[in-house]
Amino acid sequence: MKVLKCLLSWPVTVALIVTASLMLAAEGTWSLELFHHWTFVAIVLLALPVLLFAALSNLKKKSYCPLISHLGLFLVLTGGLLSATNRIETQMRVFQGELPEHLAFYANHTVVPLPFDIALEEFKTDYYEDGCSPKQFTSTLRIDGKTLQTSVNHPCTYKGYRIYQCGYDALDGRYSDLKIVRDPWLPAVALGALLLAIAAVLSLKKAWHSWKVLPAAVVLATVFTVISVARIEFGTLPPALRSLWFAPHLIIYMLAYSLMALSVISGVGSLFFKKIPEQLSQKLLSTSSALLLAGMLCGAVWAQQAWGNYWTWDTKECWAAVTWLLTLAAQHIPGNKNKLIFTVVAFVAIQITWYGVNYLPAASGSLHTYN
């Protein structure tokens, strides 16, 4: 019982969160591949029983929102850990007019025989009205005699494998590069993500009985959104950005950032003005945290559809996770001043996530440098 009590104590929880945040920040800054190091695996393995015991404890207390969130994160981490050991992610280049091929390759060029044959019947590029900006890349494939199509954000599925459009012959379209992925643990991760999304919605409902600060948050979110997307040419969006998840991903994050800013302002203000309740900053923080999680889940689903992987340790992904984890630390640590310190640090991490990542060493290999 003493061990269980220790695992469920706030110092252990905050220590785990802070340690994971530091490692993710380092990964997002320098691309050190720390997720392969035994210390990172040890943190995940230690977090699993903490999450499971916390879920069981919340079940006993009938605290269903934290129960769902802890169980969801447990499934995501467990599925991700198991997926790292037996996930198949290969690439194949198929040429139009050539015989079917069944050999794919890992990133280290190791040959992987597939349980089916693939032939390229046609590769097509759709353009916007200007005639030069690509709108969509589509490969028509012949797989074991069946005709299937794969395009950016719209992979096809065959025998448990998902086939993604990941490259093409820019000169004359003679070949198409495919990413072929099989992840048996993806359903567990998807279930965990669904539980996290449900918990986020429940926490929003629990945090607020009135939305008096919503107009201010919407105004700030609108300002941030306009500034952030001013340079994006929506009329000629590249294929990867033409997704149903683009709008919710962006809007949810902007609202979360706005609420975080209001949380910092109200928290600092409560130190000098007694009329500002300290609980306001905490409510804003918990709401922002839930929205940060929802935005990150939208991005993960989008990435899964576009690139075949819901998490790639990209610099922006890592810093987004750092920001969310810091909001969790702020909610677990006692003391209003301690909560405010973590809130301010989380707000700083937000600035790095949204603007600063472009200037980090890891940005050279990032998929998010379009911002």
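This section describes helix packing, aromatic pairs and selected residues in a predicted model.

Residues are numbered from 1 along each chain as its sequence is written, and side-chain values use heavy atoms, with hydrogens and water left out. Because the model is predicted, local features need pLDDT of at least 70 and side-chain atom pairs count only at pLDDT 80 or more, while totals for chains, interfaces and linings use all residues.

Helices and strands are DSSP runs, numbered from the N terminus (helices: H or I, at least four residues; strands: E, at least two). Axes are lines fitted to C-alpha atoms, for helices over the stretch in contact, and angles run from 0 to 180 degrees between N-to-C directions. Helix α2 (residues 10-30) packs against helix α9 (residues 315-332). The angle is about 160 degrees, and the axes lie 8 Å apart. The two helices, α2 and α9, are therefore roughly antiparallel to each other. Angles over 145 degrees count as roughly antiparallel, under 35 as roughly parallel, 65 to 115 as roughly perpendicular and the rest as oblique. The crossing of α2 past α9 is left-handed. A crossing is left-handed if the near helix is turned anticlockwise from the far one by less than a right angle, and right-handed if clockwise.

Contact means heavy atoms within 4.5 Å. On the α2 side, the contact residues include W10, I17, L24 and E27. On the α9 side, they include W319, L325, L326 and H332. The residues of the α2 contact with α9 divide into 14 nonpolar, six polar and one charged. Here Ala, Val, Leu, Ile, Met, Phe, Trp, Tyr, Cys and Pro count as nonpolar, Asp, Glu, Lys and Arg as charged, and the others, Gly among them, as polar.

Helix α9 also packs against α10. Their axes are 8 Å apart, at an angle of about 170 degrees. That makes α9 roughly antiparallel to α10. From α9, the contact includes K316, W319, L326 and H332. From α10, it includes K339, F342, I350 and W354. By class, the residues of the α9 contact with α10 are 13 nonpolar, six polar and two charged.

The crossing of α7 past α10 is left-handed. Among the contact residues of α7 are L250, M254, Y257 and L271. Those of α10 include K337, L340, F347 and W354. The contact of α7 with α10 has 14 nonpolar, four polar and one charged residues.

Aromatic rings were examined next. Rings of Phe, Tyr and Trp (its six-membered ring) pair if their centres lie within 6.5 Å; planes under 30 degrees apart count as stacked, over 60 as edge-to-face and the rest as tilted. By this rule the count comes to twelve aromatic pairs. In one of them, the ring centres of F116 and Y161 are 5.4 Å apart. Their planes stand at 80 degrees, so the pair is edge-to-face. F116 lies in strand β3 (residues 111-127) and Y161 in strand β7 (residues 161-168). The pair links distant parts of the chain, 45 residues apart. F116 is buried, at 2% relative accessibility. Y161 is buried too, at 8%. Buried means under 20% relative accessible area, exposed over 50% and partly exposed in between (1.4 Å probe, protein chains only). Ring pairs also link F35, F40, W311 and W313 into a cluster.

Two residues other than glycine have a positive phi. E33 has a phi of about 55 degrees. E33 sits in the loop between α2 and α3 (38-61) and is partly exposed, at 47% relative accessibility. Phi of N153 is near 75 degrees. N153 is in the loop between β5 (146-151) and β6 (156-158) and is buried, at 4%.

Other single sites were also examined. S133 lies in the loop between β3 and β4 (134-143). S133 is buried, with a relative accessible area of 15%. Leaving out residues up to four places away in sequence, S133 touches D126, Y127, Y128 and T236. V223 belongs to helix α6 (residues 214-229) and is partly exposed, at 40%. V223 and S258 are 35 residues apart in sequence, and 9.3 Å separates their C-alpha atoms.
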